[in-house]
Amino acid sequence: MGFRSFLSKPLAKYIFNSEQNWMYNAPATQNQWRTKLVSTATKTAFGRDHFFKDVASYEDFKQAVPVRDYEDLKGYIQQIIDGQDNILWPGKPIYFAKTSGTTSGTKYIPISEDSISNHINSARDALLNYIHETGKGAFLDNKLIFLSGSPVLDTKGSVPTGRLSGISNHHVPAYLRTNQLPSYETNCIEEWEEKLERIIDETISQPMSLISGIPPWVQMYFDRIIARTGKPIKDVFPEFQLFVYGGVNFEPYRAKLYESIGKKIDSIEMYPASEGFIAYQDSQYAEGLLLLADTGIFYEFIPTEEFFNEKPTRLSLEEVEVGKNYALIINNNAGLWGYSIGDTVKFVSKDPYRLLVTGRIKHFISAFGEHVIGEEVEKALKYAMQRQPETEVVEFTVAPMVTPSEGLPYHEWLIEFATPPNDIERFSLDIDHRLAELNVYYDDLVSGSILRPLKITTLAKNAFIDYMRSQGKLGGQNKVPRLANDRKIADFLSVG
């Protein structure tokens, strides 16, 4: 046992015990954070504009702070960029996390001195929970790879600015720096395919024990290694023990990744966002991700069916129900207030509060009133893959075909297979039948002859890589949208 794994055991026990103090008392912890956040920000520009001095209860808070998106906060962000202090949170942000918005262009999400620990310590704590539960800490003694964005930071105003994964790279603990890969110089390469080849050069002969990244980009890394060596990943990296991922549902990638590895290994799912590290998988045995209720964020939840209402219902943590989809709203100690991050979640437990990420509030298909969401298409695809287990999916997206050249409209599923199903027609029918079971509106439209059953379009190898490359979004933390209410992505892929 190396010194890192040896020292990790008592630290893991300490973190686990500390977690118990709030995880079974999360609603009270959340109320304490709401009070603290409002009190701390009372004298900021936002606090004065929204009369924080008069806010005492959650009802007061909802009256004072409307639900908003980036456009609604943009004026305050601009004041920070212009050099003003005490706008959304006391002082100035220490970083802006730069993200891409569909309507707002580039978004600059503030990270404060108070909030940076949420981003950094939460990832650490997820690993320590794993060590405490399983006793497996040996991965810390070998090489660790984090497939992330460039750590090179620009400035916006006077604030250092970059992708969240690049910012986080500057805060990797010193005791892990010596076994972290790739090198800083390689991480700084912006062009993904050049960067990937350099990463392989640096890692292929190393004792890699932990690999972290978004599943499709990790799969691309594995594919290139297998092409070079002709060996499965378990033979290239015999010490490989733990896969850490986030950003997308793992299920469509699981079979292909495990085949590439050549064995099943442990995995940890994390739920980081530029706006805050929200949840992580704290157990290899319990379903869902533990909501982090004591890290400087006060959460609110809006039933997804009400999100676009003029006055949607806003719920605190103690008011949520298991099994119901909610749009996630956050208020944090970097100065985001009533902020919709665009994700939908569903609780699977309230003792403690564990959740699943079910999709994006704006990523759905409702061209005909069906309101099909990400969770439903992923479950339907998983069902079909289980019925034909030889099937391996690289990537997929779904879009409506509103005006086909002939026949009724339909949903088009554009799928790149690593291994196609033996019976594509049965595969399509299995998806369609399962989707109808999951979504009564879709069922009504198909059975009522408003829609015909879905159609699968199979795509050539690297179709999605080519698409992401064309958008300047290859690699890093970028993800292909699974659902769209238009045909921008579908038409590109169909022509390609």
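By class, how many nonpolar, polar and charged residues does the lining of the second largest cavity have? The lining of that cavity has 7 nonpolar, 3 polar and 1 charged residues. The structure shown above is a predicted model, and its chain is divided into domain 1 (1–362) and domain 2 (364–494).

- The centres of domain 1 and domain 2, taken over C-alpha atoms, are separated by 28 Å, and the contact of the two domains takes 26 residues from domain 1 and 26 residues from domain 2.

**Cavities**

- Rolling a probe the size of a water molecule over the atoms shows where empty space is left.
- The structure holds 3 cavities of 30 Å³ or more, and the largest cavity has a volume of about 70 Å³, while about 60 Å³ of space lies in the second largest cavity.
- The residues that line the largest cavity are T304, N325, T344, T358, G359, R360, I361, F364, H371, I373 and G374, and sorting these residues by class gives 3 nonpolar, 7 polar and 1 charged.
- Strand β15, which covers residues 353–360, gives the most to the lining of the largest cavity, with 3 residues.
- Around the second largest cavity, the lining is made up of I80, N86, I87, L88, W89, P90, G91, K92, P93, S112 and A334.

**The second largest pocket**

- The second largest pocket has a volume of about 480 Å³, and of the 22 residues that line this pocket, D223, V394, E416, N462 and I465 are the closest to its centre.
- Several helices and strands contribute to this lining, with at least two residues supplied by each of α11 (215–229), α13 (251–261), β18 (392–401), β19 (410–419) and α17 (463–470).
- Helix α11 provides the largest share of the lining of the second largest pocket, namely 7 residues.
- By class, the lining of the second largest pocket has 12 nonpolar, 3 polar and 7 charged residues.

**Two pairs of packed helices**

- Helix α1 (residues 3–23) packs with helix α6 (residues 116–134) at an angle of about 105 degrees, and the axes of the two helices are 8 Å apart.
- Angles of 65 to 115 degrees count as roughly perpendicular, and α1 and α6 are therefore roughly perpendicular to each other.
- On the α1 side, the contact is made by S8, K9, L11, A12, K13, I15, F16 and E19, and on the α6 side by R124, D125, L128, N129, I131 and H132; taken by class, this contact of α1 with α6 has 6 nonpolar, 3 polar and 5 charged residues.
- Helix α15 (residues 424–438) packs with helix α16 (residues 440–447) at an angle of about 125 degrees, with the axes of this pair 5 Å apart, and that angle makes α15 oblique to α16.
- In this second pair, D432, L435, A436 and L438 of α15 meet V440, Y442, D443 and V446 of α16, and the residues of the contact divide into 6 nonpolar, no polar and 2 charged.

**Details of the backbone**

- Most residues other than glycine have a negative phi, and most peptide bonds are trans.
- L181 and P182 are joined by a cis peptide bond, with omega about 0 degrees, and P182 is found in the loop between β6 (180–181) and α9 (184–187).
- A cis peptide bond also runs from D351 to P352, where omega is near 5 degrees, and P352 is found in the loop between β14 (339–350) and β15.
- S449 has a positive phi of about 60 degrees, although S449 is not a glycine, and this residue is found in the loop between α16 and β20 (455–458).

Key
Residues are numbered from 1 along each chain as its sequence is written. This is a predicted model: local features need pLDDT of at least 70, side-chain atom pairs count only at pLDDT 80 or more; totals for chains, interfaces and linings use all residues. Side-chain values use heavy atoms; hydrogens and water are left out. On a 1 Å grid over the protein atoms alone, a cavity is a set of points where a 1.4 Å probe fits but cannot get out, and a pocket is an open set with protein on both sides within 12 Å along at least five of seven lines; lining residues have an atom within 4 Å of a point. Grid points are joined across faces, edges and corners, and a volume is the space filled by probe spheres set on the points. Helices (H or I, at least four residues) and strands (E, at least two) are DSSP runs, numbered from the N terminus. Ala, Val, Leu, Ile, Met, Phe, Trp, Tyr, Cys and Pro count as nonpolar, Asp, Glu, Lys and Arg as charged, and the others, Gly among them, as polar. Axes are lines fitted to C-alpha atoms, for helices over the stretch in contact, and angles run from 0 to 180 degrees between N-to-C directions. Angles under 35 degrees count as roughly parallel, over 145 as roughly antiparallel, 65 to 115 as roughly perpendicular and the rest as oblique. Contact means heavy atoms within 4.5 Å. Domain bounds come from an automatic or database domain assignment.
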